[in-house]
Amino acid sequence: MISMINRLQDALGSAGLSYSLLLPQIAVVGGQSSGKSSVLENFVGRDFLPRGTGIVTRRPLVLQLHHADTEYGEFLHCRGKRFSDFDEIRQEIEAETRRLTGNNKGISSIPINLRIFSPNVLNLTLVDLPGITKVPVGDQPPDIEYQVRDMIMQYICKENCLILAVTPANMDLANSDALKLAKDVDPQGQRTIGVITMLDLMDKGTNAREILENRLLPLRRGYIGLVNRSQKDIEGKKDIKAALQAEKKFFLSHPAYRHMTDRMGTPYLQKYLNQQLTNHICDSLPALHSHMRCLLVSISKEADAYKLYNPDDPMCKTKTLIKVVQQLAGDFEKLIEGSADEVNTVHLSGGARINQIFHERFPYQLHKMTCDERKLRMEIAYAIRNIHGVRTGLFTPDMAFQAIVKKQISKLKIPCFGFVDMVCKELISTIYECFNKISSFPKLREETERLVTAEIREQESTCRDQISLLIDMQLAYINTKHEDFIGFAHAQPLCHRSDNKIVAGGGVQQVIRKGWLTINNVSIIAKEYWFILTAESLSWFKDNEETEKRYMLPLDNLKVRDVERGFMSSKFAFALFNSESRNVYKDHKFLELVCNSQEELDIWKSSLLRAGVYPEEVTVDVQANGLSENFTDPQLERQVETIRNLVDSYMGIIHKTIKDLMPKAIMHLMINSVKEFISSELLAQLYALGDCSALMDESPDQRQHREQVLGKHAALQAALNIINEISTSSYAAHSDLSRSGTRHCSSTWSKKAANGGKSQTRGRAPPVPVHANQRLPGPACVPRRPAPAAPNSK
């Protein structure tokens, strides 16, 4: 089992730290000078770890111990090179640490993988983590304590990690940094193994018997005591074998520990960790197998796409270019038509925003161009009098009507051109969403942006010309025979219709919009209410369940006024007021309502416009030329009223026509043309640039990402193959065990597989997982050696 995990660690070494953390392992945690290095060196029987003051271990060291006939070491970053001299191993650890962290005592979470083969070790895998420190030393950053803590937590917070918490015996157990961290992630002590070092350095008359008997701060896996070499022994190159003999003699001769000698010391700790890790691997393997399969599936699609791309093959680049352009055309069409693969649930985008411009923002901008009533009537009066000249006219002159209408039609160019700008801006924003998907190829994106943006600008210019032509056509002929035009016969008795509201459905109130708004000026604290706008009223409720209505405001004579944003305000507001200077709400002359965004503000204004609540009209001084605005001639007043009604009727026809034709022109001349360009002409223009191979050069980030994805995919496949090999061998082991009459544990594996890897039994190791295409063979677990007695008191 441990050998299999070592192979998995090697296989996943190129896949990144986050994957290797998933493996069952033992992490060694302890404070500075707690004896961690001595414990590991005693396991190996050699001095091979760096020593010194301050933080010596500045990168995690994954130490794999393999029982073998010969003694040597290998590093994962130096494959194939064997280190027989353990002093060279120490120097290589120091050099590899400096390579990433420099000489300033900095740390890195990227591990160093070291394998040691020796006849003196049992199969075991340990992760030596940097010692817990409190005060920065030398050039260390001020937050070194938190950096070390975060690195340690990356390992020990995983459920698959056993924690070897090393604490010196001359330190109060309640102050142990290692146990404190272990307690944070393992409050029940299920995964923690306590190690008490330096028992020989305790003051005379004191001992750690209560701790080692697991009575002071109990852990499920108990405590094991050790005696380390002193600093003098280390400097004097005292042999580790001699140190182990001295350790054994210490426990046999000490009155407080002699009854537990068989459960103390480095040899016992090594055997105990070997058995604990083996059992832990068996317990964790089903969930690990399932998790790795999920990871493999999650990146398989992306990895398969990258496998087909060869940056050195021109034919492959050409094929990828064609595929990318086709994908760009498809994505753009989906965003416009509203059939995108991923529907945005946060805000409007693409075709939905263009639709909002068509039917809400453009009509609102069109209505805002309506000049105020006073100024219009004055212009009509001047036109009538100027046409009559010195004569006294008996009839209403149609030339005055045509002059005023043409002036009003000419003003429509401003909102129409603004409409084109809004759609063009949204179209560019939409196409840039599609460009993000080809950011892997910077040159291709740059050229594609240039070509598509140039096409949009060209179509925008064409669209402006056509709109100008459309307005000029309306100016060229005033069709007074239009079926919707009221004519002179019906103009005079007709009342001005701008204040008349038609309730949809023959008197039934139609809900135009619902939503949250904040009332800003009614109380000291601004409150948010649920508003409902109908064709006749504006109501608000306490909540969107509409159970308690707070007020209903009739829309008669209401107008909309813009409210300037404050210097520090991030909200958008508008105000409702009565055009006859009456109170709108209780004793308030206006009601200030606040939205969260400009888009929401525009939508509410458009909805109010549909309900007949128009924007505040700007008063223009018509006496600037010194002429009197008071026309007391009753005949002139009747003629002004007649022309006014005719203008209102004809401009209603023009507005309806413009609102109908403008979206159609935009759709035909701009949006559909751009779609056609991307799907039919873009690829040809890219080829016309010449060197298409250069367009498909990857960015450095993309190349690195592709290599990482392929590396992770290969590593996960290799890891699953290793697990499947173990499963196959376990099948054979099961057959042998069955023939020998040994009780099997296939039910344990079946239960754990059915429960996603959660164990249904305790104290029993499940079998390793089998391949998905294999039949579950029954007992797949290897026979266990009798576990060493738990280091408890009784």
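Modeller: Two strands pair if DSSP finds at least two bridges between them. Keep in mind that this is a predicted model.

Biologist: In which sense do strand β7 and β8 pair?

Modeller: Strand β7 covers residues 192-197. One link to β8 is Val195, whose bridge partner there is Ile224. Three bridges join β7 and β8, and the sense of the pairing is parallel.

Biologist: Which strands stand at the edges of the open sheet, and why is one side of each left without a neighbour?

Modeller: The open sheet has eight strands, in the order β3-β4-β2-β5-β1-β6-β7-β8. Its pairing is mixed. Each edge strand has a single partner strand, so one side of each has no neighbour in the sheet. The edge strands are β3 (72-75) and β8 (223-225).

Biologist: What is the average twist from one strand to the next?

Modeller: Follow the sheet in its order, β3-β4-β2-β5-β1-β6-β7-β8. From one strand to the next, the twist averages 25°.

Biologist: Which residue in β4 is the bridge partner of Phe75?

Modeller: Strands β3 and β4 pair over four bridges, in the antiparallel sense. In β3, Gly73 and Phe75 point one way, while Tyr72 and Glu74 point the other way. All of these are buried. The bridge partner of Phe75 in β4 is Leu114.

Biologist: What angle does the direction of helix α5 make with that of β1?

Modeller: Helix α5 (residues 144-156) packs on the sheet. Its contacts are with β1 (25-30), β5 (124-128) and β6 (161-168). Buried residues of α5 include Val148, Met151 and Ile152. The angle between the directions of α5 and β1 is about 150°.

Biologist: How far does helix α11 reach from its first C-alpha to its last?

Modeller: Helix α11 spans residues 314-337, which makes 24 residues. At 1.5 Å a residue, 34 Å is expected. The model comes close to that, with a reach of 35 Å.

Biologist: Which residue just after α11 takes a positive phi?

Modeller: Helix α11 ends at residue 337. Just after α11, a positive phi of about 85° belongs to Gly338.

Biologist: Is Arg377 buried, exposed or partly exposed?

Modeller: Arg377 sits in helix α13 (residues 373-388). Leaving aside neighbours within four places in sequence, Arg377 is in contact with Val640, Glu641 and Arg644. Buried means under 20% relative accessible area and exposed means over 50%. Arg377 has 25% relative accessibility, so it counts as partly exposed.

Notes
Residues numbered from 1 in each chain as written. Predicted model: local features only at pLDDT ≥ 70, side-chain atom pairs only at ≥ 80, totals over all residues. Heavy atoms only, no water. Helix = DSSP H or I, 4+ residues; strand = E, 2+ residues; numbered from the N terminus. Axes fitted to C-alpha atoms, helices over the stretch in contact; angles between N-to-C directions. Contact = heavy atoms within 4.5 Å. Buried < 20%, exposed > 50% of the residue type's maximum accessible area, 1.4 Å probe, protein only. Expected span 1.5 Å × (residues − 1).
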